[in-house]
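Let's take a short walk through a protein model together. Have a look at the structure, and then we will stop at a few places in it.

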Amino acid sequence: MLIKRREEIKDKYDVIVIGGGIGGLAAANILGRNGQKVLLVEAHRKLGGLASWFKRQGDHIFDISLHGFPQGMVKSCRKYFGKEIADNIVQLQKLRFKNPVYDIETDFTREDFSRILVEKFEIAPKTVQEFFDFVFHSNFYDNLTMTNRELFEKFFPGRNDVMRFLLEPIVYANGSNLDDEAITYAIVFGNFMKKGVYTYRGGTDHFIKTIQKLLIQNGVDILLGEKVENINIENEQVKSVSIKGNDVKAKAVLSNGNLLSTIFNMVGTNHFSSDFIDRAKRVRLNTSSTQVYLGLKKGESIPFVGDLIFTSQDSHFATDLLLKPNTTYRTFSFYYPELRPERKDAPYEIVASMNARYDDWANLSPEEMQSAKEQMIEDSLNTLEQFLPGIRTQIDYIEAATPLTIERYTHHQKGASFGTKFEGLDVSQKISEEIKGLFHAGSVGIIMSGWLGALNYGAIKTNDIESYLNTFKD
Ligand SMILES: Cc1cc2nc3c(=O)[nH]c(=O)nc-3n(C[C@H](O)[C@H](O)[C@H](O)COP(=O)(O)OP(=O)(O)OC[C@H]3O[C@@H](n4cnc5c(N)ncnc54)[C@H](O)[C@@H]3O)c2cc1C
């Protein structure tokens, strides 16, 4: 499907953006706004990538990745997408942690976390101050080799409960584990701690549809439901992309697709130096997710129990436990009707999200898959009943998604929810040193993932692309 101002796809563009995830959308919008001729090609029938939603039974709208992002989204959205989007970003009121070790409510700010660490976990105020100083003074140009495990051992030795409180929400937010670089934790956690956790009023559908309108206003041609098969290179320079066997020329190509698919599938190893390919081969994909979507019958309501509940039944915390197929670690996101104020009598929706390993799900027979999904649904309902007794009778729609669902819709290898581990950032950044005119922006390096990370990365890349385009004017 082609959504565009012009009659038909032109055969030549300044920039072709492959993928309409948040990073690709930000880049396409900025480049279009700046007068570049841009084609955005998205394999799925709608824009958004992992920032997506789906409708069921007419009334239910389920958001996939709208659980929470840092307040930095307001500034970035105002700058790159305009005021209407920025004005719809609102703060979540209450986040709750409930497990056998503690039951805590918080607004997820530095002030409240400091108070809880001192009062509830009995940590010395000086240690809390030093920990936050570390978090806030980290930036990703520092070459820190410290791991999360070492970070927590340094500030809170032997305190599994404190590590759980500080790390668990970030494991959900970007797939971090105890052996990942502490710098990636510090940046993402620090972003949230500045002003709390935010969401988009209007839902993902409103967010993406508003951006789609902006793209069209800014003259971006959008091609939906078509996959870019190849990025064609001549003399170490980007020439065109192939879509259904046809070549569309471009001076520059920005891939918002999975980093490894871009290098190994769309371009091909023969176009890169062997050193670069060696480094690309060492890039680890991040973990994936499973979700259970629960829709309440129209007219049924629940009290305000919080916006997010992080819950588990294990008394010990370890990041690996979050990945087990039968994990007890889950986050419930509650979507009250106020999220979509323009909808009359909108039903309530609840989504349970779990982290997962692709390989645990990839080789199940259809029967095993069905039974694993049923177990996941049952476990989610049993847990939810602790917070909302009788909730089962209020629900009229249930569906489950696995890492295979994510892979199918976004073409992310192994259904990676948060791109690649830290080493992917360097490879993504250096791709344009290997092939002139080829750029990558999308979830990489843990830091550049999530709505805010992907958005900022897409925006940052437009500077490099425009500098490159300027070389054609000489
Ligand atoms: C279950 C889940 C929950 C999440 N929760 C949150 C959250 O609460 N807060 C948060 O900030 N982040 C969350 N995230 C992460 C966040 O959604 C992503 O990091 C972000 O949306 C990724 O954006 P991106 O720019 O990397 O592009 P992606 O979303 O990865 O999109 C890439 C796009 O490229 C397209 N594409 C790929 N290859 C091709 C090709 N060859 N041709 C054409 N198109 C192609 C794909 O179809 C896709 O649409 C969550 C993710 C998941 C899975």
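K414 sits in the loop between α14 (403–410) and α15 (423–434). Helices (H or I, at least four residues) and strands (E, at least two) are DSSP runs, numbered from the N terminus. Residues are numbered from 1 along each chain as its sequence is written. This is a predicted model, in which local features need pLDDT of at least 70 and side-chain atom pairs count only at pLDDT 80 or more, while totals for chains, interfaces and linings use all residues.

K414 is not a glycine, yet its phi is positive, near 55 degrees. D345, in the loop between β17 (330–335) and β18 (349–356), also has a positive phi without being a glycine. Are these residues buried or exposed? A residue is buried if 20 or more other C-beta atoms, placed from the backbone, lie within 10 Å of its own, exposed if 12 or fewer, and partly exposed in between.

| Residue | Phi | C-beta atoms within 10 Å | Class |
|---|---|---|---|
| K414 | near 55 degrees | 20 neighbours | buried |
| D345 | about 55 degrees | 8 others | exposed |

Now for two helices. α7 (residues 160–174) and α8 (residues 182–195) pack at about 95 degrees, with axes 10 Å apart; axes are lines fitted to C-alpha atoms over the stretch in contact, and angles run from 0 to 180 degrees between N-to-C directions. The two helices are therefore roughly perpendicular, a term for angles of 65 to 115 degrees. L167, I170, A173 and N174 of α7 meet Y185, V188 and F189 of α8, where contact means C-beta atoms, placed from the backbone, within 7 Å.

Conventions
Angles under 35 degrees count as roughly parallel, over 145 as roughly antiparallel, 65 to 115 as roughly perpendicular and the rest as oblique. Two residues are in contact if their C-beta atoms, placed from the backbone, lie within 7 Å.
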